[in-house]
Amino acid sequence: MPGSSTVIGAPIPRLEGADKVSGRALYTADVSPPGTLAAKILRSPYAHARIVSIDASAAWQVPGVKAVLTGKDIVGHRWGRFLRDMPVLCWDVVRFVGDRVAAVAAETADAAEQALQLIEVEYEELPAVFDPLEAMQPDAPLLHPDFSEYQDISPEVLIPDTRNGLSRLTWQKGDVDAGFAEADLVLEHTFYIPSRHQGYLEPHAGIVAIDEAGRIQVWTASKSPFGSRNQLAKSLGIQPEQILVHPIYVGGDFGGKGDALDLPIAYFLAKQAGRPVRIIMSYLEELLASNPSHESIITIRTGIKRDGRMVARYLRAIHNTGAYGCMKPLPNVAIGGAVHAGGPYRIDNTFFEAIQVYTNTVPAGFFRAPGGPQVNFAAESHTDLIAQALGMDVAEFRLRNLVEEGDENAVGEKLNGVHARETLEAALQAAHWRDPKPGVNYGRGIAMYERHVGAGPSSAELTVEDDGSVTIISPTIDQGGGIHTVLQQIVSEEMQIPLDQVRVVVGDTDSMPPDQGVGGMRITNANGHAALQAIEELQGKLRERAGEILGAEPEQLSYDEGVFYRSNDGGRTDDGNRALSLAELAAQTADAELRTGRAKVEMPMQRDIACFAAQIAEVEVDPETGHIRVHRFVSAHDVSTVINPIAHQGQIDGGVIQGLGMALTEDLAVEEGRVTSLHLGDYKLPSAADIPELETVLVHSEGGPGPYEAKAIAEMTNCAPPAAVANAIADAVGVRLMELPMTAERVYRALQDK
Amino acid sequence: MSEITLRINGKQHREDVASNRMLVDFLRYDLGLTGTKESCSVGVCGACTVLVDGRMVSSCLTLAISLDGAEVTTVEGLASETGLSKVQESFVKYGGYQCGICTPGQVVSAYALLQENPHPSEDEVKDWMMGNLCRCTGYYKIIESVMKAGGAE
Amino acid sequence: MIPFDYHAPRTQGEALELLARYGEDAKLLAGGTGLINMMKQNLVQPAALVQLAHIPGLNAIEAANGDIRIGALTTHRQIETSPVIAREVPLLAETYRHVATVRIRNAATIGGGIAHADPMQDPPAALLVLDASVQTASPSGGRTIPLGEFFLDYYETALEPDEMITEIHVPKLPAGAATTFFKFLPRSQDDYATVSVAALLVADEGGTVRDVRIGLGAAGSTPIRASEVEQALLGQRCTPEAFHEAAALVKDAVDPISDVRGSAEYKRDMAEVFTRRALERCWSQAQARKS
């Protein structure tokens, strides 16, 4: 543990800062290979229809049009992050308003738009279904009758017995029926959470250029270049190695950008035109047809003993997957947030299930702890309702049920390094929980979240350059989280060289082993450990080489601040003949391999190491209008080493405000299959004038799986705010909202109905 | 196509533009000034903010052809040869950005604020900057960056 | 956006000639924040745009004996920050400050906003309450249109195709007038109003209402003057009960639509709440001034 480090734990500004504030940082839409054409996509105006005919010939009349493509030209090409169930362009059936039907590439985007308007498509409307519960009824229109033909299906996750069912996940512990039988009180509630957009401000963008050798060059707004490469290859039916994805900055992800989405269309257009093709979604298209979060209907039932112990819990989440399952990246083609249905509480008998159902709506994808915010809203609202039914203080009730060191959580994972109680106590204190509220119609609400740190594969390559500086090549692009600066800090710390002597380079998909990209709170852990292992290998090689140069056994050398010393007592000496700097070593080591270290890791998922969040909202409700103002918000987290406090706090700040947006305003409402909020004036992201006073409390912990025992923070921040606000509203004015977002109108109606 | 004459970041330009060319496209695709970003395309998000005659505008709602004779400043024009401007330095130091896509617009807006009001209060910063959306930071560090650039302790 | 002919006349006369030539196929371009958005969505596809920015003399704020004349090209930001407006008609400064964001207010103009005739906007409610009128120019000489007769429907005004707004006239406030503006923003500070209410109240020494005006935005197909409320209050004593009863009548004056900012029913209820609050705030201002 580098307790005295000036690098690890220091507020180091991002290494890419100057590029980002000056406009020099390049994003996909900023790249223009010579001759690049702009492409636009014609989309279905119907939620469910058969394509009777397409006549795209008139599109060629518009000056500047260089390629025209319809689904009929590429029949059978489907795409998906894992499950390939979405046509690259629809050729027979469209399944949501916004489904892709045809595309045009032209000299300008305006020309491409005009050409699209000349394409004639005849549709025969089919019955459509938008509500996931209705879609599960036996007489509902069937979206994918030919489901079994799709590629890459893993049969065990599918649910052929559920109409329009895509996939099902379950978790259980103990005997849930026996648990309920034992309970003195059983409470059940149902919650509704609408679909929301991730709200990254860089719309999806992709460029495909086919070079003279036939190599497919790609730039894409994807946090997972390897994922995008492999998805594109599969949809085209080619080998991934034929594609090179160039690293580039990504303007926000939050789970919504690890896909190849429109890259296959760009490829076919580029091939036809013989020129590079760029597809940038408009924000309207983002809201209409990218991959928002799943709309969810969640029923939760808990059995409680009179003394306040929870003994059984059942949760069923119906997640609306939309028209396709293509946007889910995992083999289970599902969202797993329901695993946290038990929260940080000890419940011995549980059964949780998450069911993904097809409807004629925009395909749903991942959004910062997929399913987590939905399930937490249900579970932590439900927690307050239980406490109130028992006549207990909601904080006391939580304290009574929290997991302790060595306890199992509600899905049977034994937890170590548990700081649930300390985290909640810290939040209560910071929120002045036990003090009187500042005024009438004020309320406070708590919600908690528990989660493990992500893991998985990563790699790193380190080289000592000729000048003695060190370059680390990482396969991971920066989507905003700041991983490159974390890597710079780790290299600086371990190599004992100044930060400015460390360069971070992102490798492309040719030069690095496959990487999963950023996501699921994994990257500091996985990429950080890859760096540590590569450093270890490098240091071994350097020591070997230094020994050769200095004429000593490697173990006779000491190393301090970038210099090897030959010294029998291991101490530092000023004798120049017996010291060797990294630059001197490099100068005498022509073979760069002797000063390069590499590592490829597969970090195990340590589900037993939990992170805890306790968040408390303080709100004021205008009882005449229902208007909610969140005045103050406390976010408490148990953390171990915080490698970069600026980046760490940035995750908390952004996650809390995303969570509050979910709580209060964000709603990708669909009416008759059409998204009603098609621009950012209607779909309201919080602005700088909308944020509450935020107080962060970091509770000391240790033993995280990351470098320097670091835990994780990204998805610890955004799951609990909706329930915290709902609980605060209930505390303020005595109404319980079970539907998001908690608009002023919903509070007003609830007050009227009271 | 019509010819327009304008100054961009202090440099005189004489350019042919189509009537329907938006300023954001003109800057990005005709002049290669890709620091200005486009996101919402309806004037809400502020990613495309530039200064026209010293006042911030949405370049996604401004026709290039309407700027004959105008003085345009983009994010590329804020830094000098000697380095980043004070407000840019502040964004770097205090972490007023994450993914960076909204950052050019944030920086240009903050620069315009400090030109008009060198020592803004926190409420003044929030009121001015609320036209620049950011999904990463929750705004706290953006506000801190602007306040610090404005001399706040 | 489809291409169009583009003109940037240097005089009002040239602009009017262009309007006469193109008729309904031309659109005047002021700040562009409304028009360009509509053109980008192909909701309007003019054959020609006539940019007004280079015509001198259209962006001044002038005051004479409390009478205010605001040039059509005066930006929202100019109005918001004008010392003259702050002194003579603080209601306008208060209202324009609430429109969108500084960046939009830098571009959007008073004339352009009115001609755009989006009933979601904030300023018309205040201008209606101020009994403002619109001065136009046209080949036949122009006219003065009371703002109350100006708005016809969503995005429709009394302007003829060959007619342009040159200035907005705001008459001197009645002596002792208290004014206020409420913009109900339950979602975000940067949003259209769920409902907005502008109010003006004049009460005599004894607390009897001598003049009262209520204007509403986002409450129907046009900005609305709630004459029902006004008539009910005229001659009444200023009491919480009187405001309460009169405000309830606003529900008959408004005809809002359901959208992402609330259902029609909710907006109707909120129109009542904010009408009452506007009256109460005006009354407390009037009393504070007296003491």
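The model is predicted: local features need pLDDT of at least 70, side-chain atom pairs count only at pLDDT 80 or more, and totals for chains, interfaces and linings use all residues. Residues are numbered from 1 along each chain as written, chains are lettered from A in the order written, and side-chain values use heavy atoms, without hydrogens and water.

**Interface of chain B and chain A**

| Quantity | Value |
|---|---|
| Residues of chain B in contact with chain A | 43 residues |
| Residues of chain A in contact with chain B | 56 residues |
| Buried area | about 3,800 Å² |
| Salt bridges | three |

Contact means heavy atoms within 4.5 Å. Buried area is the accessible area (1.4 Å probe) that two parts lose on being put together, summed over both. Of the area buried here, 62% lies on carbon and sulfur atoms. B:Gln98, B:Arg135 and B:Tyr140 supply 23% of what chain B buries against chain A, more than any other three residues.

A salt bridge (a side-chain nitrogen of Lys or Arg within 4 Å of a carboxyl oxygen of Asp or Glu) joins A:Asp30 to B:Lys37, with the closest N and O atoms 2.4 Å apart.

**Surface of chain C**

C:Tyr155 has 41% relative accessibility and therefore counts as partly exposed, a class between buried (under 20%) and exposed (over 50%; 1.4 Å probe, protein chains only).
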